[in-house]
Amino acid sequence: MRVHSKTQRGNFPAVDSGANPVFNSIFNSIDVGILVADNEGFLVDMNDSFCRLTGYDRRELLGQYFLSLVPEIQRDFTLFTFNAAMEAQVPRQTIIEFPIQRKDGHIFRVNCKLNVLMEPDDTRYMMVSITDITETTNYKHLLEETELATGIGGWQLDVQTNRLSCTEGLYKLLDTPKYNTISWEDILFFVGNEAYLQFKHAVHLAVEKGTPFNIELDCTKCPSARWIRAIGRPKQVFNKTIQLFGTFQDITQDKHAEQMLQLGQLKYRAISNSSLYAFILGKPDGSILETNVKARELFGYTEEEFRKLGRHGVVMHTPELYQMMHERLTKGFVQGELIGIRRNGEHFPCEFSSVYFKDLNGEDRMSTILRDISAKKKVEEELRKLSHIARETLSPIIICDVESKITWVNAAFTRVTEYTLQDVAGKRPEDFLYGEETDRLAVLDMIENKKNGRTFDTEVLIYAKSGRKVWIAVQLQPQFDKLGKLNGYFAIGIDITERRHSEEIIRHNQKLLQQAEQIAGLGSWETNLKTGVSIWSDEMYRIFGWDTKNEVPTLGPQFSVIHEDDMEYVLNSIKDTIEGNGDFDIEHRIVRPDGHMRVVHAQGQLIINTLGEPEKLIGVVHDVTVVKHAEEQLRLHQAKLAEERVEHQRQVARATINIQEKERSEIGKELHDNVNQILASAKLFLSSPFLEGDEREKFTLKAAEHIHMAIEEIRKLSKSLVSPSAADLGIIETINDMINDIRWVQKMDINFNHTDIDESTLDYGLKLTIYRIIQEQMNNILKHADASQISIVLQEHAKKLILTIFDNGRGFDTQVRRRGIGLNNIVNRADVFNGKVDIESAPGQGCMVRVVFDM
């Protein structure tokens, strides 16, 4: 063993490879992974097995913190376990199952043994040994699942301690909680006193004499009401039993099948004796074994006389009969006509059908049905039907010997599997019938049952000769000789392929329907009007808030959840439908058991029987609570929007009136304060009575200048009020004219940038809005900003038209100062064309107005 050279935590005494060469060799050769960590959790050393298990090289692990090998979700528990072991006053061994994370990220479970080692100076080390238990755990789970699937439970009896151990399958079979201890009293309660005594006697013989047992326990009269097969195998040492292993298996279905078979035999004899046709059971050599009442009546012989005479004494042997007998031996079945001989010597024509088969003992038998066909013309059709039924069967049949090799198959087998008797004779079914999708456990179960001579049935997937998949329901029956020794078996099957496909389709459709109902919140129902019992889908239970396990949806509980205010309306609608007045389609409220109210949309229609009577109601229920809530919210929202729209229109109207009033006031002020004063001065110059000669001409010229000045002021005022017309030079030229007028009056620097603007793509109304916004902001700047520089930028960018107006005036606080009529007018004008207005300003930093329009 070696210590990583970079660790500065001291050497663990046993790690020095020079001092411990033998120990080091053993340490690295054992299959158990071993890891050594110091008292702080840093890795000191590990053996080769540990490195193989985790996928690391020793150099990668030395000096690493031990939690790096632990999945993150397990680290808190691992650290707690490590600290608890290290801090314990007396070192002790800790054994736990634990997840380890490989270098490649793979997580697997191991069995861990933690040992704390101490040096003389009380320095502690943690030695961890790990064993991969993944395969053991998987095998254990597989064994448990197999037991549960087959209804088998295992047990073990320690003879020396009389301690009984049981598998999970036995706990399930005995319906006992898993963590309880199963005792002999539990088995007594489960199987009943009589079966328990039989079982105990078998156990006693197995313990005392080493005799294995395989017995059937009749527990049908005890609470379990089952048949149990108990199997026990002793384990002996020096001819003394030390342990007894066994299983319990629920064979109730097998016993029921056996009882049904016995009942079938009784029914067969009853039917045979009550049949209208003569029945003779015999051997290929002509011996007669059994006849029914009709045969004795038809021929007039007693049962004993039939046995003495045999076939040769009761029918005429013609060449045609011998040929048919041969055909029966080769084909297994024959039918035709023969001449019967009555006790009084009378000959009469008979129609017969005869089948060759092997009985439960494997002996050859001939089953023959005869009837007097003297009146054949009258019953020819009936004879044809009966002969067809006798000749053809839908059930494939196989007969095998004790080694499971096929000795005979019927025509139905060939029809289903496409294999003839020549194809399969001498082969075992598992040699050619099964494929990759066949359940191997089911096949193994069949083989095991055949070996043990058990009667059982199962469903299995087989493959036809062409590769076609066929599902077969198989019932297997063992055959025993006179001494009770198994000498073969026969199996009868039914082709259930279509049924399996139909079941799969039904299950798939049901799953789709459930998913669709759940997604749509739509439940379906059906109510029998005679019994009042309803059938509900799962979504119906969810809508009504009922428990699918504890609630039976009858009419009473259904009506009880309807809101009392809607009860009469719902009942009248259903009543009208039942009376034949058409389907119902209504909405109403329900109150769930938890008190929550829901709104449902219910639709239903009436189904009548063949007599025209109301038989049932079917329909669907849709939970529209969310939809109704959304509709109500939408209605309230639309009402609010309408109210806000009206209020906005009022605000726009008030703003328009205020603007108009302001403009009128401004016009009045301009006319009064400016134009009126200029004209008044001109009037004074013209009306002065003291002017003569050159002085009058001088005053007349001065008055003309004032009048011209008044005309220019009126022109400017008119131009600011009148919208630019379509005949103008354009928005760019109009804005430039406005800028030139302002420059003529005010000495300031005004810059207008309009690069790459195509006026032909702009709406006239949009151009007018842009002009009015610039005009409004220029008036705001001239009146309030005291600015010396103004910048106007009009540009297109990313399918947007952007107007920016900036001045270097005194500015204002946008958080304190309210927008005046001018700014409101800009916002209102921009809103007409879905423009967005952004105003940025601060005291002493000028003002920037940006308006963005979508192109």
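N162 is found in the loop between β6 and β7 (163–166), where helices and strands are DSSP runs numbered from the N terminus (helices H or I, at least four residues; strands E, at least two). Its phi is near 60 degrees, a positive value in a residue other than glycine. Most residues other than glycine have a negative phi. With a relative accessible area of 47%, N162 is partly exposed; that label covers the range between buried (under 20% relative accessible area) and exposed (over 50%), using a 1.4 Å probe and protein chains only.

A word on the model before going on: it is predicted, so to speak of local features a pLDDT of at least 70 is needed, side-chain atom pairs count only at pLDDT 80 or more, and totals for chains, interfaces and linings use all residues. Residues are numbered from 1 along each chain as its sequence is written, and side-chain values use heavy atoms, with hydrogens and water left out.

N834 also has a positive phi, about 55 degrees, although it is not a glycine. This asparagine sits in the loop between α26 (821–832) and β29 (836–841), and at 56% relative accessibility it counts as exposed.

Let us turn to α8. Which residues of α8 are buried? They are A195, Y196, F199, A202, V203, A206 and V207. Looking down the axis of α8, these buried residues fall within an arc of 135 degrees, so they line one face of the helix; the arc is taken from the directions between the helix axis and the C-beta atoms. The face turned away from the buried side carries the exposed residues N193, E194, L197, E208 and K209.

What do the buried residues of α8 pack against? Their partners are β6 (152–158), α7 (184–191), β8 (213–219), β9 (226–237) and β10 (240–250). After α8 comes G210, whose phi is positive, near 70 degrees.

Strand β10 also holds Q243, a residue that is buried, with a relative accessible area of 18%. Leaving aside neighbours within four places in sequence, Q243 is in contact (heavy atoms within 4.5 Å) with Q156, L157, V159, R233, P234 and K235.

N609 is placed in the loop between β24 (597–608) and β25 (614–623). Not counting residues up to four places away in sequence, N609 touches K530 and E615.

**Salt bridges**

A salt bridge here is a side-chain nitrogen of Lys or Arg within 4 Å of a carboxyl oxygen of Asp or Glu. By this rule the count comes to 28 salt bridges. Three of them are set out below.

| Pair | N to O distance |
|---|---|
| K103 and E60 | 2.8 Å |
| K331 and E327 | 3.3 Å |
| E403 and K405 | 3.7 Å |

K103 counts as partly exposed at 45% relative accessibility, and E60 counts as partly exposed at 33%.

K331 and E327 both lie in helix α12 (residues 319–331), 4 residues apart, about one turn of the helix. K331 is exposed, with a relative accessible area of 60%, whereas E327 is partly exposed at 29%.

In the pair of E403 and K405, whose side chains meet at 3.7 Å, K405 is partly exposed, with a relative accessible area of 34%. Elsewhere, salt bridges that share partners join R428, E430, D431 and K450 into one network.

**A nonpolar patch**

L679, I707 and I711 make a nonpolar surface patch of about 250 Å². Patches are made of residues with over 30% relative accessible area and no salt bridge, with like charges joined within 9 Å and nonpolar side chains (Val, Leu, Ile, Met, Phe, Trp, Tyr) within 5 Å. The accessible areas come from the Shrake-Rupley method with a 1.4 Å probe, and for residues only the protein chains shown count as cover. L679 lies in helix α22 (residues 625–687) and counts as partly exposed at 40% relative accessibility.
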